[in-house]
Amino acid sequence: MSTMMELIEELWFLARELVSDDYDKALYRLAEEVPMTIHEYPTGTQVWTWKVPEKWTCHEAYLETLDGRRIIDHADHPLHVVSYSLPFEGVVGRDELMEHLHIHPTEPDLIPFVFKYYQRDWGLCTTQQVRDLLDEDEYRVVIHTTFEPGTLKVGEVVVPGEVEESFVMAAHLCHPAMVNDDLAGVVVGVDAFRALLAGPKPHYTYRLLVLPETIGSVSYLSHNEDLIPKMVGGLFLEMLGNDSVLALQQSFQPESQSDKALVTALRGVSPEAYVGPYRSIINNDERQFNAPGVRVPMLSLSRVAKSEENETVVLPYPQYHSSGDTPAIVSQERLEAARDAVLAMAAAFDRNAFVVNHFKGEVFASGYGIWIDYRVNPEGHRNLFRIMERCDGTRTVADIALDLEISFQAVWEILATFAEKGLVSFSPTPQPTDLRLKPGGGMP
Ligand SMILES: [Zn+2]
């Protein structure tokens, strides 16, 4: 079994295009690390309002002077050609070349990641440093690419639970020769699922999807519409290895139990992390899950730095979408911290349920051996009573944590002792215990 960093070292330089041999190679390699079902959707398949693209291959691509001096060569780096570039061969004037030669907007020594999946154009990419030296009138361009029928592939890992209702995680494997976006999310997902598969059977079913961005999510969801009503929560994993604190973006339905459980669990495992509303941190496959007709409350976990207000140009991290996104900017330690956060959130989601009290009045805490000495642990003492008074069958563990502005884990720790003493039990549905709400009871 390879570590997350070993998988990154092995797979990162592949030209993992949406539908491509290198993408497939990476996916099959991951399937050796964790039991995975691979779904295939052929080119041209209608998937809701989209269509599965053709398989694209770049056989060679270069820029030369007319006397044969090679300036840019795809063999050196997959990013030198625009993803899904049309083939082209010919001698072009410098002005025409400049319309098809892309550079990074801010970093002069990085090659940008440019993709034209649906625009149908040809193009090369290089560093600004190289482009600025182009002073000849004409150059020779060779782009030998092919478009052909293929199959888009989605890898699915399932951890069966006691119920069919599922929590879905996703990460995208596409993006040629890049690491943090989003091979990092993929390996964190794979490693988290190795742990889930090795652990006790969970309550919910857990599903990991490894896919090409956007079109992969649409392909999978449109072919599994029957599963959608049972997807009760979700988490998209992206950009999890760079040097920034964890960031949790809420779903389109911030009041969901998925949101409440994940937000309060992250507090317990990564107090320095921050939380932001939907579409405020990243924009990715979670959009397909939160969209109309789907509406899975899917949050996103990343390491996107918190942006200051009024900042106009924000990159999720400095090497984003460029040749600077290499294994050097991620670390095993940060990947592991992200995996631990994912597992803590999954554990909280799994435990989250309505807390039903089997006591009336305030519990005689010392009599039950659950009293916390306020002189030793004043916060624990306060939390004990604040949690106790919220156990009424109408609030979940996460509701209580959110209300008290403490972590899910802190609430769970106390409720676990309550449950051990038979003072509370947990229910997937509300079970109000207020006597006045029962038949014959008074008005609230
Ligand atoms: Zn990206």
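User: Between which domains does the largest pocket lie?

Analyst: First, a note on the source: this is a predicted model, in which local features need pLDDT of at least 70 and side-chain atom pairs count only at pLDDT 80 or more, while totals for chains, interfaces and linings use all residues. Residues are numbered from 1 along each chain as its sequence is written, and side-chain values use heavy atoms, with hydrogens and water left out. A pocket is an open set of points on a 1 Å grid over the protein atoms alone where a 1.4 Å probe fits, with protein on both sides within 12 Å along at least five of seven lines, and lining residues have an atom within 4 Å of a point. Because both domains (bounds from an automatic or database domain assignment) give residues to the lining, the largest pocket lies between domain 1 (4–52 + 151–351) and domain 2 (55–148).

User: How much space lies in the largest pocket?

Analyst: The lining of this pocket has 34 residues, with I282, N283, N284, R287 and Y320 nearest its centre. A volume here is the space filled by probe spheres set on the grid points, which are joined across faces, edges and corners. For the largest pocket that comes to about 720 Å³.

User: Which strand gives the most to the lining of the largest pocket?

Analyst: By class, this lining divides into 19 nonpolar, nine polar and six charged residues. Nonpolar means Ala, Val, Leu, Ile, Met, Phe, Trp, Tyr, Cys and Pro, charged means Asp, Glu, Lys and Arg, and the others, Gly among them, are polar. Helices (H or I, at least four residues) and strands (E, at least two) are DSSP runs, numbered from the N terminus. With three residues, the element that gives the most is strand β15 (residues 274–276).

User: And the second largest pocket: which element gives the most to its lining?

Analyst: About 390 Å³ of space lies in the second largest pocket. Among its 19 lining residues, Y204, Q257, N352, A353 and P428 are closest to the centre. The elements giving two or more residues are α7 (257–269), α9 (332–351) and β18 (424–427). The most, three residues, comes from α9.

User: From which domains does the lining of the second largest pocket draw at least three residues each?

Analyst: This lining holds nine nonpolar, seven polar and three charged residues. At least three residues come from each of domain 1 (4–52 + 151–351) and domain 3 (354–427).

User: Which residues coordinate the zinc ion?

Analyst: Donors are N, O and S atoms within 2.8 Å of the metal (3.2 Å for Na, K and Ca), and sites may look incomplete because water is not among the atoms. Along the chain, the zinc donors follow the spacing H-x5-D-x139-H. At 2.1 Å, the zinc ion is coordinated by H175 (NE2), D181 (OD) and H321 (NE2).

User: How many residues apart in sequence are the parts that D181 and H321 tie together?

Analyst: D181 sits in the loop between β11 (166–172) and α5 (183–198), and H321 in the loop between β16 (298–302) and α9. Both D181 and H321 are buried, where buried means under 20% relative accessible area, exposed over 50% and partly exposed in between (1.4 Å probe, protein chains only). Because of where they lie, the pair ties together parts whose separation in sequence is 140 residues.

User: Which peptide bond is cis, with omega near -5°?

Analyst: Look in the loop between β11 and α5, where D182 has its place. A177 is in that loop too, with a positive phi near 50° although A177 is not glycine, and A177 is buried at 0% relative accessible area. The cis peptide bond runs from D181 to D182.

User: Which residues touch the most other members of the largest nonpolar core?

Analyst: A nonpolar core is a set of buried Ala, Val, Leu, Ile, Met, Phe, Trp, Tyr and Cys residues joined through side-chain atoms within 4.5 Å. Of the 89 residues in the largest one, those touching the most other members are L235 and L301.

User: Is E405 buried or exposed?

Analyst: E405 lies in the loop between α11 (397–404) and α12 (408–420). Its phi is positive, about 55°, although E405 is not a glycine. At 64% relative accessibility, E405 counts as exposed.
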